[in-house]
Amino acid sequence: MNYANLNKTIMPKMMAAIAVINNPEIAPDVRQLNLEILFREVGSAVYEKVYDMNAFDFDIQYTQGPGMDDRYYGMAKVASGSISTGKLGLEATVKAYLDNVAGQAQMHAVRTARETKNYPRVIRVAVGDTCKWCRDVAGTYTNPPADVFRRHDNCDCEIRTEGYKSRNGLLSNYKKQNA
Amino acid sequence: MATDNQSKYIADLVVLKTKEFKEVREILQSSGIVSESAELVEKAQSIAEITNVLTDMQASKFIDLLISLPEPSRGNTYSENRVNRAVSALDDIKETIGSWDFQ
């Protein structure tokens, strides 16, 4: 499944939350601190959920990932400054941040699965007109390098991870498990 | 063209010295620093688009101008209403994430 599609469901809410925090009457460092909290909390929630879904697919539900990296600090600085530097490209940058977090979760789940002798498949597909960097990492992998899971701003490549349950039509059990 | 260091410094200074992007445009336009690129500045939607059309000399003058400006008066505390809205927005986002399922 292409987990980046799930981030589309929260993008309008993220931009609305950023607008609430980005009150121009509040000092920039205070805005930045509160945006750090927003990006950290949402990023962590995305990471945990995407890892959990992948873990279910790969039959490694008893595991946890090491967590996302700390790029939410830089995101908060960019977002808090955007009311003075201009909001052009901010939405794409926020989407890329969330998609990269999802990609990290997928990468960590694949690595954990491989350590337990499960070998999920990773398929990176370029969509439409695509830059050279993305064309170079497109392909099907069972031992993908880290770059396969990375994205730049406005990257619409699909990064699909497929494990035992994907291949055997057992994904519908996820909802029943979590009900 | 403005150097990378000048562009970054200008971006940091506008965050410190202005409350919104249209102020940046107004400050630059009224300064006379970029009279020949006035239309580009008028249409710019980000500080990066502005620094892309500045020469290093113009960027240097813009930096000096920004440094001379006083910081605007701003608060350090959000209103209770805004805090509640932010917390509610975050809870809503987390609930949506929690409901994600395979497609």
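Predicted model: local features only at pLDDT ≥ 70, side-chain atom pairs only at ≥ 80, totals over all residues.
**Exercise 1. Which side chains make polar contacts with the side chain of A:Thr161?**

Step 1. Start with A:Asn54. Its side chain joins that of A:Thr161 at 2.6 Å.

Step 2. Go on to A:Gln106. Here the side-chain polar contact with A:Thr161 is 3.1 Å.

Step 3. Widen the view to contacts beyond four places in sequence. A:Thr161 then touches residues including A:Met1, A:Tyr3, A:Phe58, A:Arg121 and A:Phe149.

**Exercise 2. Describe how chain B meets chain A.**

Step 1. Count residues. On chain B, 34 residues are in contact with 43 residues of chain A.

Step 2. Take the area. The two chains bury about 3400 Å² between them, with 65% of it on carbon and sulfur atoms. In chain B, B:Tyr78, B:Trp100 and B:Phe102 lose the most area to chain A, together 26% of what that side buries.

Step 3. Find the charged pairs. There are four salt bridges between chain B and chain A. A:Lys13 and B:Asp92 form a salt bridge through their side chains, at 3.3 Å from N to O.

Step 4. Assign elements. Helix H6 (80–98) of chain B gives the most to the side touching chain A, with eleven residues.

Step 5. Sort that side of chain B by class: 14 nonpolar, ten polar and ten charged residues.

Technical notes
Residues numbered from 1 in each chain as written. Chains lettered and ligands numbered in written order. Heavy atoms only, no water. Contact = heavy atoms within 4.5 Å. Buried area = accessible area lost by both parts, 1.4 Å probe. Helix = DSSP H or I, 4+ residues; strand = E, 2+ residues; numbered from the N terminus. Nonpolar A, V, L, I, M, F, W, Y, C, P; charged D, E, K, R; others polar. Polar contact = N/O pair within 3.5 Å; in protein donor to acceptor, adjacent residues only side chain to side chain.
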